[in-house]
Amino acid sequence: LDTLETWVTEIFSEIPNNGLPKPSFGHLTQPFDTPEFHKLYRVVPIRKVHSLTITWALPPQEQYYRVKPLHYISWLVGHEGKGSVLSFLRKKFWALALYGGNGETGFEQNSTYSIFSISVTLTDEGYKHFYEVAHVVFQYLKMLQKRGPDQRQVIWEEIQKIEANEFHYQEQTDPVDYVENLCENMQLFQKEDFLTGDQLLFEYKPEV
């Protein structure tokens, strides 16, 4: 570590600091509040597949990285057990798979907005009933909204433990990719969370 520290100091200490604050675009709110966004688009795929994707544009969520509310919601939406959206749609023979969430990339999550999407892979029969499929998804979200998160701290703690296990037992990555990822994290998280902020859940805050 001493040798590495010497190298880093020698190589990088001469880079000038311009003293400018990190740019923020938080004043550019609701960029998707246009008639074009609030529409149903039918796109002909290249390969034979039926997919229904529903996308919401939400207020910025990156400041809640210690809570990760979108990860929590996507976990509930993507659940495949009894009582889940996918279980119901499979019984109807309307869907093969379902996943949702926020990719936490610069496009999907930034200081202006956060994107949340749910994508359903439909059967041929499901394609004929895609309006009903969309209705089921909205019904499920409405149910989550009505019940609120107060009864679900156990689920949040379950997600927290799984993410912690994956973090502690992750495979070694390419050093260049790892350093690049850390540099990105330095723009997003507090100093103490540079290594863990993009993976671990720290705080349970139902109001968030």
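The centres of domain 1 and domain 2, taken over C-alpha atoms, are 23 Å apart. That is a handy place to start in this predicted model, so let us look at what those two parts are and how they meet.

Domain 1 runs over residues 29-146, and domain 2 over residues 150-207. Where they face each other, 11 residues of domain 1 are in contact with 19 residues of domain 2. The size of an interface is often given as the accessible area lost when the parts come together. Here the area buried between domain 1 and domain 2 is about 1,500 Å², and carbon and sulfur atoms give 58% of that area.

Now for the polar side of the meeting. Between domain 1 and domain 2 there are nine residue pairs in polar contact, with both residues at pLDDT 80 or more. The side of domain 1 that touches domain 2 takes the most from helix α2 (residues 69-77), which gives four residues. Side chains of opposite charge can pair when their charged atoms come close. Two salt bridges are counted between domain 1 and domain 2.

Step back to the whole protein, and the count of salt bridges is five. One of the salt bridges links D124 with K48, with 3.8 Å between the closest N and O atoms. Why is this pair worth a look in the sequence as well as in the model? D124 sits in helix α4 (residues 124-128), whereas K48 belongs to the loop between α1 (2-12) and β1 (50-58), so the pair ties together parts that are 76 residues apart in sequence.

The protein as a whole has seven helices and three strands. Followed from the N terminus, the order of these elements is α-β-α-α-β-β-α-α-α-α. Along the principal axes, the C-alpha atoms fill a box of roughly 65 × 40 × 40 Å.

An unreviewed UniProt entry carries the annotation "domain: Peptidase M16 middle/third" for residues 167-207. This span is 34% helix and 0% strand, and its end C-alpha atoms lie 26 Å apart. Helix α7 covers residues 175-186. Its 12 residues, at 1.5 Å a residue, should span 16 Å, and the end C-alpha atoms are 17 Å apart, which agrees.

How values were computed: Residues numbered from 1 in each chain as written. Predicted model: local features only at pLDDT ≥ 70, side-chain atom pairs only at ≥ 80, totals over all residues. Heavy atoms only, no water. Helix = DSSP H or I, 4+ residues; strand = E, 2+ residues; numbered from the N terminus. Expected span 1.5 Å × (residues − 1). UniProt positions renumbered as here; feature names shortened; annotations may be inferred. Domains from an automatic or database assignment. Contact = heavy atoms within 4.5 Å. Buried area = accessible area lost by both parts, 1.4 Å probe. Salt bridge = Lys/Arg side-chain N within 4 Å of Asp/Glu carboxyl O. Polar contact = N/O pair within 3.5 Å; in protein donor to acceptor, adjacent residues only side chain to side chain.
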